[in-house]
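Dear colleague,

Please find below the structure that I am handing over to you, followed by an account of what was found in it.

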Amino acid sequence: MSVVLIGPPAAGKSRAGRRLAKVLGASYADTDKVIVARHGAIPDIFAAHGELEFRRLERDVIAEHLETTEVLSLGGGAVMDVETQARLEGHTVVLLTASPAAITERITGNSKRPLITGIESWTQIYEARRETYERLADVSFDTSFRPMVRVVEDIAEWLEQNSKEGPSDVA
Ligand SMILES: Nc1ncnc2c1ncn2[C@@H]1O[C@H](COP(=O)(O)OP(=O)(O)O)[C@@H](O)[C@H]1O
Ligand SMILES: O=C(O)C1=C[C@@H](OP(=O)(O)O)[C@@H](O)[C@H](O)C1
Ligand SMILES: [Mg+2]
């Protein structure tokens, strides 16, 4: 059983997941990082093979790491896949969100996300996915203008009090 971080691009899933795993002494993976290590940069995968191929790789990497990895950060679009949605059943799903103002600061000058060209495209994507994020989430945290250490403390505290299998099974 894993703690899975979901949410829109730049919400802080990768940073928070890595830190949360450290705090819990738990194993960790960022599915985007696994894909990049195996297949190269995400914009290059999109350009050479298309988004559908990226989604196929992403689905497989998630299937491989759920169950075996205790803390898992997903890419923002991963949960739009119905197979992935079904696989999340029984895991603890933590949604991270942030306000457009906070996101604007984070995405300006960053070209690592081929689907995000500015706050307009981010907002459009977030609105289209919002219902799915909220439906899948067991709990949600806003990371806007809050230090990552505080966000992770809040998640760890919530996990301790609410974990589906109790805190000793999370770490
Ligand atoms: N709480 C925060 N406060 C300020 N900047 C943050 C915070 N969380 C994330 N960031 C910044 O936002 C960017 C995206 O964070 P990341 O963890 O990669 O998000 P995600 O994996 O959700 O796309 C990074 O540059 C990171 O430093
Ligand atoms: O939202 C998306 O569709 C994507 C988000 C990215 O991950 P982050 O959410 O970690 O930025 C990455 O998987 C890819 O660029 C596609
Ligand atoms: Mg990420």
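Around ligand 2 lie Pro9, Ala10, Lys13, Ser14, Asp32, Ile42, Gly75, Gly76, Gly77, Arg113, Pro114 and Leu115; a residue is counted here if its C-beta atom, placed from the backbone, lies within 6 Å of the molecule. By class, this shell has 5 nonpolar, 4 polar and 3 charged residues. In this classification Ala, Val, Leu, Ile, Met, Phe, Trp, Tyr, Cys and Pro are nonpolar, Asp, Glu, Lys and Arg are charged, and the others, Gly among them, are polar.

Please note that this is a predicted model, in which local features need pLDDT of at least 70 and side-chain atom pairs count only at pLDDT 80 or more, while totals for chains, interfaces and linings use all residues. Residues are numbered from 1 along each chain as its sequence is written, and chains are lettered from A and ligands numbered from 1 in the order in which they are written.

Of the 14 residues around ligand 1, Gly12, Lys13, Ser14, Arg15 and Arg106 come nearest. Helix 1 and helix 8 are the elements that give two or more residues to this shell, and helix 1 provides the largest share, 3 residues. Helices (H or I, at least four residues) and strands (E, at least two) are DSSP runs, numbered from the N terminus. By class, the shell around ligand 1 has 5 nonpolar, 5 polar and 4 charged residues.

**Annotated positions**

For "binding site", UniProt (unreviewed entry) lists Ala10, Ala11, Gly12, Lys13, Ser14, Arg15, Arg113 and Arg146. These positions span 137 residues in sequence, and their farthest two C-alpha atoms are 22.7 Å apart, so they do not all gather at one spot. The annotation "binding site" (unreviewed entry) in UniProt also covers Asp32, Arg55, Gly76 and Arg129. Such annotations may be inferred rather than shown by experiment.

Ser14 is found in helix 1 (residues 13-24). Ser14 is partly exposed, with 18 other C-beta atoms within 10 Å; a residue is buried if 20 or more other C-beta atoms lie within 10 Å of its own, exposed if 12 or fewer, and partly exposed in between, with C-beta atoms placed from the backbone. Not counting residues up to four places away in sequence, Ser14 touches Asp30 and Ser73, contact being defined by C-beta atoms, placed from the backbone, that lie within 7 Å.

Asp32 belongs to helix 2 (residues 31-39) and is buried, with 21 other C-beta atoms within 10 Å. Leaving aside neighbours within four places in sequence, Asp32 is in contact with Ile42 and Gly75.

Arg113 sits in the loop between helix 6 (100-107) and helix 7 (119-136), and is buried, with 20 other C-beta atoms within 10 Å. Arg129 lies in helix 7 and is partly exposed, with 18 other C-beta atoms within 10 Å.

An open sheet of 5 strands has the order 2-3-1-4-5, with parallel pairing; two strands pair if DSSP finds at least two bridges between them. Strand 2 (28-30) and strand 5 (139-142) are the edge strands, each pairing on one side only. Strand 4 (residues 92-97) is joined to strand 5 by 4 bridges, and Thr97 has Asp142 in strand 5 as its bridge partner. Helix 8 (residues 148-162) packs on the sheet, touching strand 1 (3-6), strand 4 and strand 5. The direction of helix 8 makes about 165° with that of strand 5, where axes are lines fitted to C-alpha atoms, for helices over the stretch in contact, and angles run from 0 to 180 degrees between N-to-C directions.

Yours sincerely

Conventions
Contact = placed C-beta atoms within 7 Å.
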